[in-house]
Amino acid sequence: MTAEHLQEGQRVTAIPVDLKVLATLHVYRTGGYQLTTGQGYNFSQPSMSRCINEVTNVINNHLLPNWIVFLSTKVEKNKIMEGFLNKFNFPRCLGAIDCSHIAIISPPENYPALPYYSRKGYYSINCQIITDSDYKILNISSLFPGTIHNAAIWRQTSIP
């Protein structure tokens, strides 16, 4: 596309899908800043922000519902329990659960930051994950600020 094909206000921002995914995964992995990460891929902070938003929406809307699903049938539950029994000699176990603090940048001044300041001394989101005996994620919840205790997250979970 050339400049004469553009209407006023349009931009040429055709970032290839593979670069969008790689840049977004880079931010997920490092917790890096959008500006710094975007520069590493040769695009601006606003473009980086749009990439993160787009890739995250695809993950949430298309991958999570198909790949991260808690057990619903007796057959599935028996298979998971068998895996824990065979691998770890742990009978009647339907999943391994833990929470982990994911570091975040301090929320903006006009947002209540204190709930995100964890006991670990940094701003975080307390993310709960449940896996099977093969470490396949069965459930994930990243809805809670860093000050929320693991037990409080479990009490609010939707796991039957």
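1. The salt-bridge count comes to 2. The rule asks for a side-chain nitrogen of Lys or Arg within 4 Å of a carboxyl oxygen of Asp or Glu. This is a predicted model: local features need pLDDT of at least 70, side-chain atom pairs count only at pLDDT 80 or more, and totals for chains, interfaces and linings use all residues. Residues are numbered from 1 along each chain as its sequence is written, and side-chain values use heavy atoms, with hydrogens and water left out.

2. Helices (H or I, at least four residues) and strands (E, at least two) are DSSP runs, numbered from the N terminus. Glu54 is partly exposed, at 38% relative accessible area. Lys20 is buried, at 15%. The cut-offs: buried is under 20%, exposed is over 50%, and partly exposed is in between (1.4 Å probe, protein chains only).

3. Lys87 pairs with Asp134 in a salt bridge, with the closest N and O atoms 2.2 Å apart. Lys87 lies in helix 4 and Asp134 in the loop between strand 2 (124-131) and strand 3, so the pair ties together parts 47 residues apart in sequence. Lys87 is partly exposed, at 48%. Asp134 is partly exposed too, at 49%.

4. Now the surface. Val17, Val21, Leu25 and Tyr28 form a nonpolar patch with about 350 Å² of accessible area together. Patch members have over 30% relative accessible area and no salt bridge; like charges are joined within 9 Å, nonpolar side chains (Val, Leu, Ile, Met, Phe, Trp, Tyr) within 5 Å. Areas come from the Shrake-Rupley method with a 1.4 Å probe; for residues, only the protein chains shown count as cover. Val21 belongs to helix 1 (residues 17-30). Its relative accessible area is 33%, hence partly exposed.

5. Phe144 is in strand 3 (residues 137-145). Phe144 is buried, with a relative accessible area of 13%. Phe144 and Asn126 are 18 residues apart in sequence, yet their C-alpha atoms are 5.6 Å apart in space.
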